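I opened this notebook to record what I looked up on helix packing and the nonpolar core.

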Amino acid sequence: MNIETMKKKNGFVLRRIAGEAVIVGESLELIDFDSIVSLNTSAAYVWEALSDAPFDGDTVARLLTDRYDVDAATARTDARELLDDWLQAGIIGNE
């Protein structure tokens, strides 16, 4: 897959609000209620598992195959889509 190395942007954290996992900015500069990122269970698992260490698409695909009953090809596709979504939302960026 080989998407370039990424890292979570500082100031974004996962919170559980009314039973839903969302990524929110912790500081006033990062708060944008028009672009709150809602995560399903597997995306929330990946976000929490990545901590603050650099990662790439292969790292995310491995997390998915280790935790869920999914083949490597599907995991790579899902990882790519997830990282593309996170890049577009501005919560991750190049290392």
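The entries below take the helices and then the core.

Entry 1, ground rules. I am working from a predicted model, in which local features need pLDDT of at least 70 and side-chain atom pairs count only at pLDDT 80 or more, while totals for chains, interfaces and linings use all residues. Residues are numbered from 1 along each chain as its sequence is written, and side-chain values use heavy atoms, with hydrogens and water left out.

I looked up α1, residues 41–50, where helices (H or I, at least four residues) and strands (E, at least two) are DSSP runs numbered from the N terminus. I noted A43, A44, Y45, V46, W47 and L50 as buried, that is, under 20% relative accessible area with a 1.4 Å probe and protein chains only. After α1 comes S51, with a positive phi near 45 degrees.

The contact, meaning heavy atoms within 4.5 Å, joins S42, Y45, V46, A49 and L50 of α1 to T59, V60, L63, L64 and R67 of α2. I recorded its residues as 7 nonpolar, 2 polar and 1 charged, with Ala, Val, Leu, Ile, Met, Phe, Trp, Tyr, Cys and Pro counted as nonpolar, Asp, Glu, Lys and Arg as charged, and the others, Gly among them, as polar.

G57, V60, A61, L64 and T65 in α2 meet A72, A75, R76, D78, A79, L82 and L83 in α3.

Which residues touch the most other members of the largest nonpolar core? Among its 25 residues they are L39, V46, W47, V60 and W86; such a core is a set of buried Ala, Val, Leu, Ile, Met, Phe, Trp, Tyr and Cys residues joined through side-chain atoms within 4.5 Å. The largest share of this core, 6 residues, comes from α1. Leaving aside residues up to four places away in sequence, V46 touches V60, L63, L64, L82 and W86.

How values were computed
Buried < 20%, exposed > 50% of the residue type's maximum accessible area, 1.4 Å probe, protein only.
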